[in-house]
Amino acid sequence: MKTFDYVRPATIPEAVAAASAPGAAYLAAGTNLVDLMKGGIAQPGRLVDIGHLPGLDRIEHMPDGGVRIGALVRNADLAYDRDFARRFPAVAEALLSGASPQLRNAATVGGNLMQRTRCAYFYDLASACNKREPGSGCDALGGENRLHAVLGWSESCIATHPSDFCVPLVALNATVEIEGAAGRREVPVESFHRLPDGHPERDSVLEPGELITGVRLPAEAAGFAGHARYLKVRERTSYAFAVVSAVAALRIEDGAIAEARIALGGVALKPWRVRDAEASLADARPDAPAFREAARIALADARPSGENGFKIELARRIVTRALTLAAAGTPDRVPALPASPFAPVPGELSHV
Amino acid sequence: MSFSITLTVNEVARTVTLDDPRVTLLDLLRERLDLTGTKKGCDRGQCGACTVLVDGRRINSCLALAISHDGAQIRTIEGLAKGDELHPVQAAFIAHDGFQCGFCTPGQIMSAVGLIEEAQAGADPERVREGMSGNLCRCAAYAGITRAVLDAQERMAGAGRKDAA
Ligand SMILES: Cc1cc2nc3c(=O)[nH]c(=O)nc-3n(C[C@H](O)[C@H](O)[C@H](O)COP(=O)(O)OP(=O)(O)OC[C@H]3O[C@@H](n4cnc5c(N)ncnc54)[C@H](O)[C@@H]3O)c2cc1C
Ligand code: SF4
Ligand code: FES
Ligand code: FES
């Protein structure tokens, strides 16, 4: 690991000022950053430790029904907050399907949004990687790319974004609160992460020095609480990143779908919301043909970036299954195996 | 640059001067405080061998920078037994064959203590298995580990000892 200066600001403005220097990086829990520093992938010259900043570790239920989650709230604390989990169950389920209990006890909300891709070539300093070293090429193209992107990729980078938490966040219209030298701004989570578009080294729209202070969920997001599920295919039962994941959230009125939300994880360099597929479900009966059609539309633009064509059909099935489980109703408590695709599926779709 | 940090480790205040900010909590415990019960498996957050309790919560000490935990309360495997009297989780691991080579065991036990404290799993073996999934065991002693955790949890609840964790 390259050595660094360590600073521990006492206030947000001090943090922003300290992190605006070239080569500076924020340190939250370090579960991603310290790993990247050990591997030499990240080499910050200065670490700005935000772990002790006051006021960023609260979950606030707002008078208007929305919720504001401070950037330093631990992943586990959010998932186990009873009010939060009751109102936003798919977010809790996604959080609990990620990493391990120890990592979730440490990992913060801001760090989860900012975690970097798990592409093995990004981690391997001997490989060409445009994300790590702009212009060097992409060894994942034509390499081991079973787990790489099938949507929104370009030849410059075919990696995926690894976060589970962000998938329900984009479906539920969450926003990111950002504070920088130029003041505050708020960005929808959906436009926070970037596709490769010429600059694969830039994961998000965050400018150097800008600090995430929190994430907001609007009141209307709680309207899906009765029918919301996250499903995640992993290469082992637990403690693994998504091969493909999906969130499905429905508002069902008088036996018909009033509104649907669907987003996918593990398929692109950002959490992937599918509005056309959502629209296809408006006023539909929540049944297998409607869900299969929505899944078809969701993956209509998908194409393999290598030996990963299987992910397209897998994603269709996971979308269909997530919709089926959501329609059956949110369980009272996050299941013992959160987001597991092995759980029994009610009714006619049990074989998909 | 050197930094002085104070940690309470197993109820004893320890002040350490770090001449390098790169030291992880794991390396600090093992190399500077001679508490080698906490193990280094992967050193990258992937195995759980380095699990300790920080301010009562189980975390991976290999990804935690020591310097950012100034003032924290740390509990390691060395701090569980009271003299010759084993902690109920330690005793249960022995009673249920919760290990073979023993390398992962300090991490497993600290993780189990944290899991019982979190009180999310209850008596459901599937929730206990999932709750212990952050600790890999190369010897695959998983069946014994699950039994040990369930048994220890029951005994601790019975003895009203939960807060003795
Ligand atoms: C073995 C392993 C398995 C994992 N499995 C999963 C999984 O299945 N699903 C999943 O979603 N995640 C998984 N993770 C990733 C984990 O969720 C992230 O490491 C964690 O969320 C990062 O949070 P942190 O607080 O530790 O961030 P840090 O490591 O401290 O920071 C990460 C990045 O975010 C930046 N940053 C942090 N906070 C802010 C802020 N407030 N404003 C601006 N920038 C900020 C840092 O500068 C850094 O670049 C796994 C991690 C490991 C090690
Ligand atoms: S896919 Fe992206 S992250 Fe992976 S090697 Fe190519 S450029 Fe790097
Ligand atoms: S040594 Fe820390 S998780 Fe493996
Ligand atoms: S007992 Fe050998 S690794 Fe677990």
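The model is a predicted one, and chain A comes to 12 helices and 12 strands, whereas chain B has five helices and five strands. Two packed helices are described by the angle between their axes and by the distance between those axes.

**Chain A as a whole**

- The radius of gyration of chain A is 20 Å, close to the 20 Å that the globule rule gives for 352 residues, so chain A is as compact as a globular protein of that length.
- Along its principal axes, the C-alpha trace of chain A spans about 60 × 50 × 35 Å.
- An unreviewed UniProt entry lists residues 1–222 of chain A under "domain: FAD-binding PCMH-type".

**Helices 11 and 12 of chain A**

- Helix 11 (residues 288–298) of chain A packs with helix 12 (residues 310–328) of chain A at an angle of about 140 degrees, and their axes are 8 Å apart.
- Helix 11 and helix 12 of chain A are therefore oblique to each other, and helix 11 of chain A passes helix 12 of chain A in a right-handed crossing.
- Helix 11 of chain A brings A:F291, A:R292, A:A294, A:A295 and A:R296 to the contact, while helix 12 of chain A brings A:R316, A:V319, A:T320, A:L323, A:T324 and A:A327.
- Sorted by class, this contact of helix 11 with helix 12 of chain A has six nonpolar, two polar and three charged residues.

**Chain B as a whole**

- Read from the N terminus on, the elements of chain B follow the order β-β-α-β-β-β-α-α-α-α.
- A compact globule with 165 residues would have a radius of gyration near 15 Å, and the 16 Å of chain B agrees with this.
- The C-alpha trace of chain B spans about 50 × 30 × 30 Å along its principal axes.

**Helices 2 and 3 of chain B**

- Helix 2 (residues 88–95) of chain B and helix 3 (residues 105–118) of chain B pack at an angle of about 125 degrees, with their axes 10 Å apart.
- That angle makes helix 2 of chain B oblique to helix 3 of chain B, and helix 2 passes helix 3 of chain B in a right-handed crossing.
- The contact is made by B:V89, B:Q90 and B:F93 of helix 2 of chain B, together with B:T105, B:Q108, B:I109, B:A112, B:V113 and B:I116 of helix 3 of chain B.
- The residues of this contact between helix 2 and helix 3 of chain B divide into six nonpolar, three polar and no charged.

Definitions and conventions
Residues numbered from 1 in each chain as written. Chains lettered and ligands numbered in written order. Predicted model: local features only at pLDDT ≥ 70, side-chain atom pairs only at ≥ 80, totals over all residues. Heavy atoms only, no water. Axes fitted to C-alpha atoms, helices over the stretch in contact; angles between N-to-C directions. Helix = DSSP H or I, 4+ residues; strand = E, 2+ residues; numbered from the N terminus. Parallel < 35°, antiparallel > 145°, perpendicular 65-115°, else oblique. Left-handed = near helix turned anticlockwise from the far one by under 90°. Contact = heavy atoms within 4.5 Å. Nonpolar A, V, L, I, M, F, W, Y, C, P; charged D, E, K, R; others polar. UniProt positions renumbered as here; feature names shortened; annotations may be inferred. Rg over C-alpha atoms; globule rule 2.2 N^0.38 Å.
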